[in-house]
Amino acid sequence: MSNDLDQVLGSCLCGKVRFRLSGSAEAFHLCHCRRCRKASGSAHVANTFTGPDNISWLAGEECIRRFELPEAKRFAKQFCSNCGSPLPYLNRTATQLVIPAGSLDTPVTVAPDDNIFWASRAEWYEDGRDATRFDEYPHS
């Protein structure tokens with residue numbers, strides 16, 4: 001698998017915020033910590049990491065909002081103020097760009113390296129992996 005992010009495009013759900021990446025992925029973590037589960041409303045977040053200068057904002061910077069949990073050393077997130085979608089952000093030390101993988105529009109071949117905070121995973125996570133699968137909404 002390639003870790004190339006050059007010319008990869010991404011956006012929020014409503015399309016107001018758009019960006020282009022450069023460089024390469026340094027890591028790709030699926031994080032199961034409680035904070036990430038709360039912030040995403042899902043079983044985990046899927047974040048790719050790259051250098052802090054590897055992003056160009058193409059549109060909608062005025063819609064970007066940032067949240068830093070005061071009691072946390074590392075936790076932060078950015079999102080679109082219009083639709084709430086997670087967006088890339090600099091970590092709190094400004095040493096890495098954290099890219100929510102679901103915000104990418106261009107297909108990438110970067111694969112997750114690991115599952116972090118596995119002991120904190122949702123108690124239903126593994127049952128969900130074995131649940132019946134449908135390509136779209138199931139018919140009732």
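Close-up 1. F19 is buried, with a relative accessible area of 0%; W57, at 24% relative accessibility, is partly exposed. (Buried is under 20% relative accessible area, exposed over 50%, and partly exposed in between, using a 1.4 Å probe and protein chains only.) This is a predicted model, where local features need pLDDT of at least 70, side-chain atom pairs count only at pLDDT 80 or more, and totals for chains, interfaces and linings use all residues. Residues are numbered from 1 along each chain as its sequence is written, and side-chain values use heavy atoms, with hydrogens and water left out. The F19 and W57 rings sit edge-to-face, 5.7 Å centre to centre with 70° between the planes. (Phe, Tyr and Trp rings, the six-membered one for Trp, pair if their centres lie within 6.5 Å; planes under 30 degrees apart are stacked, over 60 edge-to-face, the rest tilted.) The pair links distant parts of the chain, with F19 in strand β2 and W57 in strand β5, 38 residues apart.

**Close-up 2. The other aromatic pair, W118 and Y125.** The structure holds 2 aromatic pairs. For W118 and Y125, the ring centres are 5.8 Å apart and the planes at 90°, so this pair is edge-to-face. W118 is partly exposed at 31% relative accessibility, while Y125 is buried at 14%.

**Close-up 3. Strand β2 and its neighbours.** (Strands are DSSP E runs of at least two residues and helices are H or I runs of at least four, numbered from the N terminus.) β2 pairs antiparallel with β1 (residues 9-11) over 3 bridges, and with β5 (residues 55-59) over 4. (Pairing takes at least two DSSP bridges between the strands.) R18 is the bridge partner of S11 and also of A59 in β5. In the β1 and β2 hairpin, with 6 residues between the strands, G15 takes a positive phi near 85°.

**Close-up 4. The nonpolar cores.** The largest has 18 residues, and L5, V17, L21 and L87 have the most contacts inside it. (A core is a set of buried Ala, Val, Leu, Ile, Met, Phe, Trp, Tyr and Cys residues joined through side-chain atoms within 4.5 Å.) β2 (18-21), β3 (27-31) and β10 (97-100) each give two or more residues to this core. Another core, of 7 residues, lies apart from it and includes C31, V45, L69 and A72.
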